[in-house]
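Good morning, colleagues. Please look at the sequence and the model on the screen while I take you through a few of their features.

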Amino acid sequence: RQPQGARQGRQLTGVRELGLQRSELTQRRSETMHDNQADQLASNPSQRERSIGAIIAETRHLTAEQVESVLAYQKKHSVRFGEAAIATGLASADDVIFALAQQYHYPVSLEQQKQISAELVTLNRPFSQQGEAFRDLRSQIILRVDPGSEGARRPLAVVSADIGDGKTFVAANLAVTLAQLGGRTLLVDADMRSPRLHEVFGLANNAGLSNILSGRTEGQVIQQVSSVQNLFVLPVGPTPPNPVELVERP
């Protein structure tokens, strides 16, 4: 096994907002609409508190007549607007997920963004069982980490003994969920032997942590993830021939 100082790890910094909303995305607002709302949904979607129906109508460019047909189906079958829109063929399941994400100000990967990586379940399938598990993990970590002084940033490390244990998968998705709280989050790839975080997020790996540790940093090495506003990644950069010595330098 490698020495303790050479353990591969991922560091997550910037856990700044510790006010956890316990009801996040578990209680979804029921959409009850009347027939006279059809024109309003189709023509004026920019309401202060937009409903899921308004968001779907705007996203799918539904006409007033199409909205009326969805509302009629909703009333007849006593279902939510999103379910009625899917049943009538005027919206897809992805449209409903996108509408929920917009309503709760929640980043989600659109269909055209899914080339990032299937491993990012918190973006590609935010309401799946795995996505919910990562939000639960985030909650437990935040509840157990001592925030110290107000505004202090606490680093977290995701480590394991062997390659293939899932460090990249856990670190990437945990970083996404932390950034989704609204605080700026920096994900550092410290795996000097088998770095993969740049591949997961579709980022360049020309420069990064190895350049900083070797004192050869030029320009900006931290990159922002385009699909998550508050998430930044520091990749490894060029893989060094002596990762143990490089990490253990004072």
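This is a predicted model: local features need pLDDT of at least 70, side-chain atom pairs count only at pLDDT 80 or more; totals for chains, interfaces and linings use all residues.

Residues are numbered from 1 along each chain as its sequence is written, and side-chain values use heavy atoms, with hydrogens and water left out.

The secondary structure comes to 11 helices and 5 strands. Here helices (H or I, at least four residues) and strands (E, at least two) are DSSP runs, numbered from the N terminus. Of the 250 residues, 42% count as buried. Buried means under 20% relative accessible area, exposed over 50%, and partly exposed in between, with a 1.4 Å probe and protein chains only. Contact means heavy atoms within 4.5 Å. Among contacts between residues at least 6 apart in sequence, 68% join residues at least 24 apart.

Let us turn to helix α3, residues 64-77. Its 14 residues reach 20 Å from the first C-alpha to the last, close to the 20 Å expected at 1.5 Å a residue. The expected span is 1.5 Å times one less than the number of residues. Which residues of α3 are buried? They are A64, V67, V70, L71 and Q74. Seen down the axis of α3, these buried residues fall within an arc of 120°, so they line one face of the helix; the arc is that of the directions from the helix axis to the C-beta atoms. An α-helix has 3.6 residues a turn, so residues three or four places apart point the same way. On the other side of α3, E65 and K76 are exposed. After the helix comes S78, with a positive phi near 55°.

Next, a pair of helices. Helix α7 (residues 129-144) and helix α8 (residues 167-179) pack at an angle of about 75°, their axes 9 Å apart. That makes α7 roughly perpendicular to α8. Axes are lines fitted to C-alpha atoms, for helices over the stretch in contact, and angles run from 0 to 180 degrees between N-to-C directions; under 35 degrees counts as roughly parallel, over 145 as roughly antiparallel, 65 to 115 as roughly perpendicular and the rest as oblique. From α7, the residues Q130, F134, R135, L137, R138, I141 and I142 meet F169, V170, N173, L174, T177 and L178 of α8. Helix α8 is mostly covered, with 11 of its 13 residues buried; among them are A171, L174 and A179.

Finally, the loops. Both V228 and N230 lie in the loop between β4 and β5. V228 is buried, because its relative accessibility is 1%. Leaving aside neighbours within four places in sequence, V228 is in contact with L123, V176 and A179. V228 and L123 are 105 residues apart in sequence, yet 8.7 Å apart in space, C-alpha to C-alpha. N230 touches A179, G182, G183, R184 and T185, not counting residues up to four places away in sequence.

S92 sits in the loop between α4 (81-87) and α5 (93-103).
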